[in-house]
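Please look at the sequence and the structure shown here.

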Amino acid sequence: MEVNLLIGDIRPSDVERALLTHGLVVLETTRPHAAMIAAQAQARLFPNGPTSTIDDEEEYPDSLNLLAIDVPPDRGWVHYLVYSKVFPHDLERAKELVRQTVSSWPGRDNYAYRVP
């Protein structure tokens, strides 16, 4: 599974595109900026408010979750968005993927702004 990382001048349309493609996006930014990006993505993905999906007679809401995780050994806190409609796993799996992926990156100087 690919984990997208967005840094620098983050455009809401890029976040939306990455969420619609992969359902999981890592944001290398401050918590207030990540919250602002999440609010913008929420407004773009749910312009008329939250929606529900019916799957095998069970109804559950589509959601956009802004989460953060401490990545050892010295990566610090990383923020990430999970879009439940696209991401095929639960939030615990998203946490594992982000922790493993960010831990494997060579360093913050090597981060790239990447949108599929």
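What follows is a set of questions and answers on this structure.

Reader: What kind of model is this, and how are its residues numbered?
Author: This is a predicted model, in which local features need pLDDT of at least 70 and side-chain atom pairs count only at pLDDT 80 or more, while totals for chains, interfaces and linings use all residues. Side-chain values use heavy atoms, with hydrogens and water left out, and residues are numbered from 1 along each chain as its sequence is written.

Reader: In what order do the elements of the protein chain run from the N terminus on?
Author: Helices (H or I, at least four residues) and strands (E, at least two) are DSSP runs, numbered from the N terminus. The protein chain has three helices and six strands. From the N terminus on, their order is β-α-β-α-β-β-β-β-α.

Reader: What percentage of the residues of the protein chain count as buried?
Author: Buried means under 20% relative accessible area, exposed over 50%, and partly exposed in between (1.4 Å probe, protein chains only). The protein chain has 116 residues. Of these, the buried part is 37%.

Reader: Among contacts between residues at least 6 apart in sequence, what percentage join residues at least 24 apart?
Author: A contact means heavy atoms within 4.5 Å. Here the pairs in the protein chain are at least 6 apart in sequence to begin with. Those joining residues at least 24 apart make up 57%.

Reader: Why does the span of helix H2 agree with its number of residues?
Author: H2 covers residues 31-45, which is 15 residues. The expected span of a helix is 1.5 Å times one less than its number of residues, so H2 should span 21 Å.

Reader: Which residues of H2 are buried, and what covers them?
Author: The buried residues are Ala34, Ile37, Ala38, Ala41 and Leu45. What covers them includes helix H1 (12-22), strand S2 (24-27), strand S5 (64-71) and strand S6 (76-83).

Reader: Is Leu19 buried or exposed, and which residues does Leu19 touch?
Author: Leu19 lies in helix H1 and counts as buried because its relative accessibility is 0%. The C-alpha atoms of Leu19 and Tyr83 are separated by 6.2 Å, although the two residues are 64 residues apart along the chain. Not counting residues up to four places away in sequence, Leu19 touches Leu24, Val25, Ala41, Leu45, Leu64, Leu81, Tyr83 and Val86.

Reader: How many bridges pair S5 with S6?
Author: Two strands pair if DSSP finds at least two bridges between them. S5 and S6 form a hairpin with four residues between them; Asp70 stands opposite Trp77 in S6, and Val71 stands opposite Gly76 in S6. The pairing is in the antiparallel sense, and its bridges number eight.

Reader: Which residue in S6 is the bridge partner of Val25?
Author: S6 is largely enclosed by the rest of the structure, because six of its eight residues are buried. S2 and S6 run antiparallel and are joined by four bridges. In S6, the bridge partner of Val25 is Leu81.

Reader: Which strands do the buried residues of H3 pack against?
Author: Helix H3 (residues 91-104) has 14 residues and reaches 20 Å from its first C-alpha to its last, close to the 20 Å expected at 1.5 Å a residue. Its buried residues are Ala94, Leu97, Val98, Thr101 and Val102. They cover an arc of only 115 degrees around the axis, which puts them on the same side of H3. The strands they pack against are S2, S5 and S6.

Technical notes:
Arc of directions from axis to C-beta.
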